Amino acid sequence: MHDARELLSTKPESVREGNKRRVIRAVMAQPSTQVQIAKRTHLSQGTVSGVVQELVDDNVFRVDGSDGERGKRISIGSVRGVAVGVEVGHDRLTVAVRRVDSEETLDSTVNFGATQGMDAWRRECVLMIKDLVARTGLGTEHIVSIGLGIPAAIDPRSGEISQVASSLDWDLQGNPMQWFEESFPKVPVIPDNECNFAAFGEHLYGHGRDRETLLFVKSSAGIGAGLIIAGAITRGRHGLAGEIGHLTMDPRGDVCRCGSRGCLETLVGGARLVEQVRIAYTGHRVNLPNNLENLIRRAKDGNKVCRTVLKIAADNIGLALARVCNIINPELVVIGGELGQAGDLVAVPASETFQQNALEGMFKHVSPTEVKLSEQGMLAGPLGALAFALQVDHQPS
């Protein structure tokens, strides 16, 4: 049996060896046909065909199905390795792991996140990774890569933090690529903003499959977005692309935690929505929701105040989408995060307001822009982190 880390550890000595490693990484992230592999790796179909045949002969790949030579599905064969994806939220930590020779993902979530401090969540994260990896039947020495989604902007050129989310005094410091060096030596850590990874997860495994452009809006305690163009995450010069939560909706509105006024987040952030429900019940003896998850549950149970608060939030998101999409004109908009768990209570009014305020050409078209709820739900981020880290050729030059 091949060892995944050994397959990917040596510096390629030729273009062909480099192409081979690129194809291996692509299939580790997502079993695909040769046509799909060629599209994702930007290699010619002839090159992919030759590499696939060689790797099938070496038992690195296996071929499933009988739809013709280029329609057969390629997956990982006799290779031992495990990939890890992590999403660090305000008050939630999720870890996903998957053997590279399997499509079964194991995951775990705790109500414990960045607000508890870096030492605390990182210690908890290491324990979660070790536990989940053990459940795959492999050990931590078989970890190929760790994708790390955090509430910060990451400089796409250096991998270092360019700006921490402006919420509380989070101590996200230093170079994220080195945060797990002591616990998992020699394991590459690939960091990015958690919204970017959620967009990539939805692009690879959810409604975004085979879509050219995708805007993923993640709304929980805060609100952000990830943008996929031509299969790649678009980050901007400083990693700050997608900060839809700080789009100005009302120049005279409430002061935002970023220092500006009237940002979208002051209208639809989780804490703000809970506060609106509490204000509505001022002076009344009722059991009030203490978080967004509880608010959504009550709305689904028919609570009119909670439903109205979600409707107003959805309208504001829809208006923000119209402003953003008039510029980038995506093929698909996906709503995820905790607010996405509200289903049609949010998706329908957001979509309607979006259409009312965006250029009508987006919708009066044979292939109109669509708005969907995340197919991967709260796992879009960890899955995207896992897959993206697998695909990055992070060997030293």
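**Entry 1: strands.** I count two strands as paired if DSSP finds at least two bridges between them. The model I am reading is predicted. I started with strand β14, residues 223-229. Is β14 mostly covered or mostly open? It is mostly covered, as 6 of its 7 residues are buried.

I then looked up the partners of β14. Strand β13, residues 213-219, runs antiparallel to β14 and is joined to it by 7 bridges.

On to β15, residues 232-234. β14 and β15 also pair in the antiparallel sense, here over 3 bridges. Which residue in β15 is the bridge partner of Ile 228? I noted Ile 233. β14 and β15 form a hairpin too, with 2 residues between the strands. In that hairpin Ala 230 takes a positive phi near 55°.

**Entry 2: aromatic rings.** A ring pair is described by the distance of the centres and the angle of the planes. I got a count of 6 aromatic pairs. One of them is Phe 197 with Phe 388, a tilted pair with 5.7 Å centre to centre and 55° between the planes. Phe 197 sits in helix α6 (residues 194-205) and Phe 388 in helix α13 (residues 380-391), so the pair links parts of the chain that are 191 residues apart. Phe 197 has a relative accessible area of 0% and is therefore buried. Phe 388, at 16%, is buried as well, because the cut-off is under 20%.

Phe 388 also pairs with Phe 200, edge-to-face, at 5.3 Å centre to centre and 90° between the planes. This is again a link between distant parts of the chain, from Phe 200 in α6 to Phe 388 in α13, 188 residues apart. I checked burial for this pair: Phe 200 and Phe 388 are both buried.

Elsewhere in my list, ring pairs join Trp 121, Trp 179, Phe 180 and Phe 184 into a cluster.

**Entry 3: cysteines.** How many disulfides did I find? The count is 0. Cys 263 counts as buried, at 0% relative accessibility.

For Cys 195, the closest cysteine sulfur is in Cys 256, 14 Å away, so this too is too far for a bond. Cys 195 is buried, with a relative accessible area of 6%.

**Entry 4: the largest pocket.** I read off a volume of about 760 Å³ for the largest pocket. Its lining has 27 residues. Those nearest its centre are Arg 40, Phe 200, His 203, Gly 231 and Gln 391. Phe 200 I had already noted as a ring partner of Phe 388.

Which elements each supply at least two residues of the lining? I listed α2 (15-29), α3 (34-41), α6, β15 and α13. Of the contributors, α3 gives the most, with 4 residues. By residue type the lining divides into 9 nonpolar, 8 polar and 10 charged.

Key:
Residues numbered from 1 in each chain as written. Predicted model: local features only at pLDDT ≥ 70, side-chain atom pairs only at ≥ 80, totals over all residues. Heavy atoms only, no water. Phe/Tyr/Trp six-rings, centres within 6.5 Å; stacked < 30°, edge-to-face > 60°. Buried < 20%, exposed > 50% of the residue type's maximum accessible area, 1.4 Å probe, protein only. Disulfide = S-S within 2.5 Å. 1 Å grid on protein atoms, 1.4 Å probe; cavity = no way out; pocket = protein on both sides within 12 Å on 5 of 7 lines; lining within 4 Å. Points joined across faces, edges and corners; volume = space filled by probe spheres on them. Nonpolar A, V, L, I, M, F, W, Y, C, P; charged D, E, K, R; others polar.
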